[in-house]
Amino acid sequence: LILNLCVNGMVPTRGMTPHVPITPAEIADDVLRCAEIGVTTVHMHARDPDGRPTHRKEVYAEIIGRIREHRPDLVLGVSCSGRERPDFEPRSEVLDLEDDLKPDMASLTTASLNFARQASVNAPDVVRRLAERMTDRGILPELEIFDLGMANYAGYLLDRGILRRPLYANLF
């Protein structure tokens, strides 16, 4: 059984709820508590000290290190979201972590989409480059499929060898 937890997402803030984990220690502690009740896979969003989403690999390294110290068996996934930054470089930074700090999975939203107040921009060339970097680094893309067009583009990338089986997808 795969029980995938998104521990904090990109949207929740402390103003919305005092329970959203922000710091690396808070995120890791929440993950470890959830693992005690059966979570096997984690999708994480790192935050800067002000609570805003960040792609900085140093923040992810601290979160991953804290979790792996206690639960090396968990499958750890990181966000490469285009919601805050549409460009490749900051989104791919976390994919360069090494050894025990390297994530097992990373999110790959295969097309752009609109949320109520903001777009998540995922240009085809950025999606392709992220998929290639994940494949080259041995990180399984966590496909985020919000509509049939995204499933179609995932098939396009698979047909061209950019994505490889086995595939893992979250259907929203």
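**Close-up views of a predicted model**

A search of the whole structure finds 13 salt bridges, each a side-chain nitrogen of Lys or Arg within 4 Å of a carboxyl oxygen of Asp or Glu. The model is predicted: local features need pLDDT of at least 70, side-chain atom pairs count only at pLDDT 80 or more, and totals for chains, interfaces and linings use all residues. Residues are numbered from 1 along each chain as its sequence is written, and side-chain values use heavy atoms, with hydrogens and water left out.

**View A. Arg14 and Glu26 form a salt bridge.** Their closest N and O atoms are 2.4 Å apart. Arg14 sits in the loop between strand 1 and helix 1, and Glu26 in helix 1, so the pair ties together parts 12 residues apart in sequence. Helices (H or I, at least four residues) and strands (E, at least two) are DSSP runs, numbered from the N terminus. Arg14 is partly exposed at 39% relative accessibility; Glu26 is partly exposed at 28%. Buried means under 20% relative accessible area, exposed over 50%, and partly exposed in between (1.4 Å probe, protein chains only).

**View B. Glu132 pairs with Arg128 in a salt bridge.** The closest N and O atoms lie 3.1 Å apart. Both residues belong to helix 4 (residues 124–137); four residues apart, they are separated by about one helical turn. Glu132 is partly exposed, at 29%. Arg128 is partly exposed too, at 31%. Elsewhere, salt bridges that share partners join Asp48, Asp50 and Arg52 into one network.

**View C. Helix 2 spans residues 57–70.** Its 14 residues reach 20 Å from first C-alpha to last, close to the 20 Å expected at 1.5 Å a residue. That expected span is 1.5 Å times one less than the number of residues. Val59, Tyr60, Ala61, Ile63, Ile64, Ile67 and Arg68 are buried. Their cover includes helix 1 (24–36), strand 2 (41–44) and strand 3 (75–78), with contact meaning heavy atoms within 4.5 Å.

**View D. The largest pocket is lined by 22 residues.** His43, His45, Glu144, Phe146 and Phe172 lie nearest its centre. Strand 1 (4–6), strand 4 (105–109) and strand 7 (140–145) each give two or more residues to the lining. Strand 1 gives the most, with three. A pocket here is an open set of points on a 1 Å grid over the protein atoms alone, where a 1.4 Å probe fits, with protein on both sides within 12 Å along at least five of seven lines; lining residues have an atom within 4 Å of a point.
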